[in-house]
Amino acid sequence: MPWLCGFRSRVRAAATGVDRLAIRGTFRSRFLLFFAPGVLQVALSFLTLPLTTLILGPSDYAIFALVVSYTTVGSVLSLMGATYLLSHRFGPAGREERARLITTVTLVALVASTVLALAFVLGWALLAPAWEVSRAIPFAAVVLAAVAMVFATAWSLAINVVTLSGAAGHYVVVVVTQSLLGTGSTLAVLFLTDLGVLSLFIGLLTSSAIGFIGAGVVLRPHLTARIDAGLIKEALRLGGWLALANGVDSVLRVFERTFISSQIGFYRLGLYTHAQQYQSYVNLGAKPAMRAVWPETLEEAQDTASSFERTRRVWRVLHVGITALAIGFALLGRDFLDLFTHGKFTEAAPFAAALLALPLIQLSGRPQVGTIYAFGRGNFMAGISIVAAFVALSALIVLVPAFGIAGAIAALYSQSLAMRIAYQFGARRDRATPWQDGWPLFGLVLTALAIAFAEVTNAGFGLRVAVLAGFLVVLAIAARHVLRDMSGQILKFLALLAR
């Protein structure tokens, strides 16, 4: 199709220009280039929130979140051991070996995602009528989500290649295009038709389709006619174990949302998933940073004399930023949600603040995680993921009936804490690693204090603004060296752009 070929050419040309910038600026530029699209995604989400909530409410978002949680399981299972195999083999591999590696994992992922998508649609058609909750979910939403799952799997695989090769250009162009067209299609369908909640799924499909095209551009130069049967066996053997681990976590999300809807209703599930949306905004910013620094972390892990200084400099900036966001939402979240969601999601504010702080735990222990991956211990990662998921499952069953949404959030914290403890002990087998979690701990304490003040005192808006200013002053003083380093890096990047 001529239009598709033209789009691919434009993506490749734009990405090449951005990649040249990344090469000129090395890690600093690569980090900021990975980070910029996440900022755009968050900005678009905030700008469109008052528009979408004019028509859609908590129950609509609950439907979207529940269906997508099922397809997320399929995406995770489809990748098999691709992420681990690429992280472990890509760096030292030669050009021909890389081509066989990428071709093999791409074939496995696409075949697996297609089979699972068909199974999901057929299974829903046969079994859903007997499930009372499914009666509120349009079958068209299931079909759209299944197709989007296949497209998204290809882009997830391509992101791994982009991350390890350090080529930020394709990522920037594709994610920016996804954000603009996905948001645009959602709003167009929402306001020009009567499809309601289906607009969210159409936006998802549009975004995933752009990612699929972008994956083709990224992966095509690496593809070869030769398939490595040994890699297929390794992907199936190791991938089955890793997919089980990652799949358990995704299945936990499915159980979590199904259980919450059955225990406290679709409306409360909608509030909970809306609160989780703000956590996803943090991840949009953190994941690009992770992708930019991941090759550096793996390199530092393999150098047993390193102190993970480059890893520390990146993550301490993210931890300070996450802390500031969580504190701000704790103190002013109700006002924000009352204004931007027309009062439909105001009750979600304290839950959103608690979830905004959760990545402080999830994104801690970066030297330990890098060490475990660099020394080829994928089975260990799989094992601790399974154990932590069962910790969360047990907490969910006990706490949700008694504490509702707060119980579900406590279950997520128990899972993340179990993982972090396991990272610390697991990395000791391979090498000594530094403790870099002072900022996450400090951030959690500040966020807890801010939530307690806002919810217990019921203070007025002016007092809460004053308290927020006080918290931020304390944070800025504690983080003065971090902020100075960050501003210096940004100024150097801007100087690079001006050349």
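**Exercise 1. Find which residues Phe 201 is in contact with, leaving aside its neighbours within four places in sequence.**

Step 1. Contact here means heavy atoms within 4.5 Å.
Step 2. Skip the neighbours within four places in sequence, and Phe 201 is left touching Ile 63, Phe 64, Val 67, Val 68, Ala 141, Leu 144 and Ala 145.

A quick word on ground rules: this is a predicted model, where local features need pLDDT of at least 70, side-chain atom pairs count only at pLDDT 80 or more, and totals for chains, interfaces and linings use all residues. Residues are numbered from 1 along each chain as its sequence is written, and side-chain values use heavy atoms, with hydrogens and water left out.

**Exercise 2. Work out how many residues the largest nonpolar core has.**

Step 1. A nonpolar core is a set of buried Ala, Val, Leu, Ile, Met, Phe, Trp, Tyr and Cys residues joined through side-chain atoms within 4.5 Å. Buried is under 20% relative accessible area, exposed is over 50%, and partly exposed is in between (1.4 Å probe, protein chains only).
Step 2. The largest such core has 86 residues, and Phe 201, Tyr 272, Tyr 278, Phe 329, Leu 331 and Ile 409 have the most contacts inside it.
Step 3. Helix H8 (residues 229–302) gives the largest share of this core, 13 residues. Helices are DSSP runs (H or I, at least four residues), numbered from the N terminus.

**Exercise 3. Decide which residues of H15 are buried, and where they sit around the axis.**

Step 1. The buried ones are Trp 439, Pro 440, Gly 443, Leu 446, Thr 447, Ala 450, Ile 451 and Ala 454.
Step 2. Those residues cover an arc of only 135° around the axis, so they lie on the same side of H15. The arc is that of the directions from the helix axis to the C-beta atoms.
Step 3. Just past H15, Asn 458 takes a positive phi of about 55°.

How values were computed: Helix = DSSP H or I, 4+ residues; strand = E, 2+ residues; numbered from the N terminus.
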